[in-house]
Amino acid sequence: MAQGLRFVLFGPPGAGKGTQAQMLKDRLNVIHISSGDIFRYHLGKGTPLGLRAKKYMKRGELVPDDVTIDIILDEVMGVPEGDGFILDGFPRNTNQAQELERVLAAESRDLDKVVHIDVSEPELLRRLGGRFICHACQMPNAIGEGEDGGTKKCSRCGGELYQRDDDRPEAVKKRIEVYNQETMPVLGFYRERGVLVNIPGDNTVDEVNQLVLAALGA
Ligand code: AMP
């Protein structure tokens, strides 16, 4: 049987990783693993993990590796043999990338590709300010300037929308700073391994989707 694709959607907050992952998971029949969604789930349920992650998430900082790595690698290793997966939001520093490489290599399941969606900073700020998430299906919805996201419904499933605490201006500034300092070096790690593909992400969702599919050879 053909092996499913194993890849990372890489990029700054607001690059469209979550949106692209939603579009790709059914089309490619792969499992979507979003570290941010996992943390938000625990936060919502008030689990010990959620309580530990809360202060970092609120500030737009990375949750410490001793919490993050085990949780996400457990999910990755839970993907049935032969199935593919999309990693969205992980790895976010070189230590996480090394640990991921170690566990995947041990099972001969190395990553096929790391797709870097490159988006300019002004565009990121514009998008994050207008991003509202669906309570029901987690799909990010773009709300135009002057519109009230709190009264609109999800364009996919009609669910209620909310704005993430960390999409407010102070946290957004911090998240972009953290991305530039801690996450960008991961690009060099994957470039050296020959799996990195850069695509421009300022275009429309559908245009970016075509570029991602082409990058994956899918
Ligand atoms: P995201 O939805 O990917 O933007 O993630 C939301 C927040 O969850 C981040 O700002 C971090 O606080 C935390 N988080 C998500 N993924 C990671 C990760 N790989 N390492 C550390 N913290 C993470």
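Arg6 stands opposite Phe85 in strand β3, and this pairing belongs to a predicted model, in which local features need pLDDT of at least 70, side-chain atom pairs count only at pLDDT 80 or more, and totals for chains, interfaces and linings use all residues. Residues are numbered from 1 along each chain as its sequence is written, and side-chain values use heavy atoms, with hydrogens and water left out. Helices (H or I, at least four residues) and strands (E, at least two) are DSSP runs, numbered from the N terminus.

**The sheet**

- Five strands form an open sheet with parallel pairing, in the order β2-β3-β1-β4-β8, where two strands pair if DSSP finds at least two bridges between them.
- The edge strands, each of which pairs on one side only, are β2 (31-34) and β8 (196-200).
- On average, and with direction ignored, neighbouring strands of this sheet are turned by 20 degrees against each other; axes are lines fitted to C-alpha atoms, for helices over the stretch in contact, and angles run from 0 to 180 degrees between N-to-C directions.
- Helix α2 (residues 35-45) lies across β2 and β3 and runs at about 65 degrees to β2.

**Strand β1 and its neighbours**

- Strand β1 is joined to strand β3 (residues 85-88) by four bridges, and the two run parallel.
- Four bridges also join β1 to strand β4 (residues 113-118), again running parallel; here the bridge partner of Phe7 is Lys113, while Val8 stands opposite Val114.
- Five of the five residues of β1 are buried, so the strand is largely enclosed by the rest of the structure; buried means under 20% relative accessible area, exposed over 50%, and partly exposed in between (1.4 Å probe, protein chains only).
- Arg6, Val8 and Phe10 point one way from β1, whereas Phe7 and Leu9 point the other way, and all are buried.

**Aromatic rings**

- The structure holds two aromatic pairs; rings of Phe, Tyr and Trp (its six-membered ring) pair if their centres lie within 6.5 Å, and planes under 30 degrees apart count as stacked, over 60 as edge-to-face and the rest as tilted.
- One of the pairs is formed by Phe10 and Tyr179, which are tilted, with 6.2 Å centre to centre and 50 degrees between the planes.
- Because Phe10 lies in strand β1 (residues 6-10) and Tyr179 in helix α7 (residues 169-183), this pair ties together parts that are 169 residues apart in sequence.
- Phe10 has a relative accessible area of 2% and is therefore buried, and Tyr179, with 6%, is buried too.
- The rings of Phe189 and Tyr190 have their centres 5.1 Å apart and their planes at 90 degrees, so this pair is edge-to-face.
- Both Phe189 and Tyr190 are buried, and the charged end of Arg193 sits over the ring of Phe189, 3.7 Å from its centre; a charge sits over a ring if NZ of Lys or CZ of Arg is within 6 Å of the ring centre and within 35 degrees of the ring normal.

**Helix contacts**

- The axes of helix α5 (residues 94-106) and helix α8 (residues 185-192) come within 8 Å and cross at roughly 35 degrees.
- Thr94, Ala97, Gln98, Leu100 and Glu101 in α5 meet Pro185, Val186, Phe189 and Tyr190 in α8, where contact means heavy atoms within 4.5 Å.
- Thr19 lies in helix α1 (residues 17-28) and is buried, with a relative accessible area of 17%.
- Not counting residues up to four places away in sequence, Thr19 touches Pro140 and Val205.
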